[in-house]
Amino acid sequence: MKILTGKSILDQVAYGPLRVYHRQPFQLDFLSHLSSGDEVLRFQTAQRRAVLQLADLYDQAALVVGPQAASIFAIHAMLLEDTSFVDSILSIIQTQYTTAEYAVQVAGTSYSAAFAAMENPYMAARGADLRDISNRMIRLLLGEKIPDPLGNQPAILVSDELLPSEVLALDRKKLLGLVTWHGSVDSHTAMLLRLLNIPGLAQANISQDCDGHQAILDGFSQNLYLDPDKQLITDMGFEPKKGKLPARMLAAQQPG
């Protein structure tokens, strides 16, 4: 058994297999075969579609986590229409003759890094929101969908980070918990996980070779127990012989 530590998002415990999400980078063309005017039109069309998607996502989220938390996606729509952000994208398209998706990625990376460099933890965590809206735009321009890293089996997901849109896109009955190498307890993703009663550890030093290994995520101790022994499994209240695995246990169910 190996014990890893991180920053806890929620006082809750989960047990199950780990599933590593190997995020694949977008394959983007730099130079466009279209005119800059056509690329601007592609961007504007995708932008309108993204705003409509975010309005739908707000409605979905409001039913699950309430309108206050759902406002995350209203903020995303505002960021997507921010004059400075849009002008940066259009400038790249028009001066460098790039594809719209390449321009979105460059501008999104720049703005995300600017937020991440801020001293205020809350503002620094907004960098993930810029990555989220940039990824949404790029997927629309490329005709791609948000991947499903969980597949058919409930699991504790391991990833570099999980963005707010990705959280709501998952089957939350299968998402037992989340462990990230990066991420932040001040992020909108962390807020959504708390409202959904899904435990998580941010900034955990976990190997990418852990896929398929069993683990206990303990939000109380801020520990991840990799390949836990039978005694710990029993002590934590999980009993495989009674068909209770994989499982997630609410904080209210934990002994005092």
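This note sets out points on helix packing and on one strand residue in a predicted model.

1. Basis. Residues are numbered from 1 along each chain as its sequence is written, and side-chain values use heavy atoms, with hydrogens and water left out. Because the model is predicted, local features need pLDDT of at least 70 and side-chain atom pairs count only at pLDDT 80 or more, while totals for chains, interfaces and linings use all residues.

2. Helix α1. Helix α1 covers residues 36–65 (helices are DSSP runs of H or I with at least four residues, strands are runs of E with at least two, and both are numbered from the N terminus). At 1.5 Å a residue its 30 residues should span 44 Å, and the end C-alpha atoms are 41 Å apart, which agrees (the expected span is 1.5 Å times one less than the number of residues). Gly66, with a positive phi near 95°, follows α1.

3. Buried residues of α1. Among the buried residues of this helix are Phe43, Leu54, Leu57 and Val65, together with the polar Gln47 and the charged Glu39 (buried means under 20% relative accessible area, exposed over 50%, partly exposed in between, with a 1.4 Å probe and protein chains only). The buried residues of α1 pack against α2, α3, α4, α6, α7 and α8 (contact means heavy atoms within 4.5 Å).

4. Helices α4 and α6. The axes of α4 and α6 come within 8 Å and cross at roughly 175° (axes are lines fitted to C-alpha atoms, for helices over the stretch in contact, and angles run from 0 to 180 degrees between N-to-C directions). The two helices are therefore roughly antiparallel (over 145 degrees; under 35 is roughly parallel, 65 to 115 roughly perpendicular and the rest oblique). Residues in this contact include Val104, Tyr111 and Phe115 of α4 and Leu130, Met137 and Ile138 of α6.

5. Helices α2 and α8. Helix α2 (residues 67–80) packs on helix α8 (residues 188–195) at about 150°, with axes 11 Å apart. This angle makes α2 roughly antiparallel to α8. Ala69, Ile72 and Phe73 of α2 meet His188, Met191, Leu192 and Leu195 of α8.

6. Leu217. This residue lies in strand β7 (residues 214–218) and is buried, with a relative accessible area of 0%. Beyond neighbours within four places in sequence, contacts of Leu217 include Val13, Ile156, Val179, Leu201 and Leu224.
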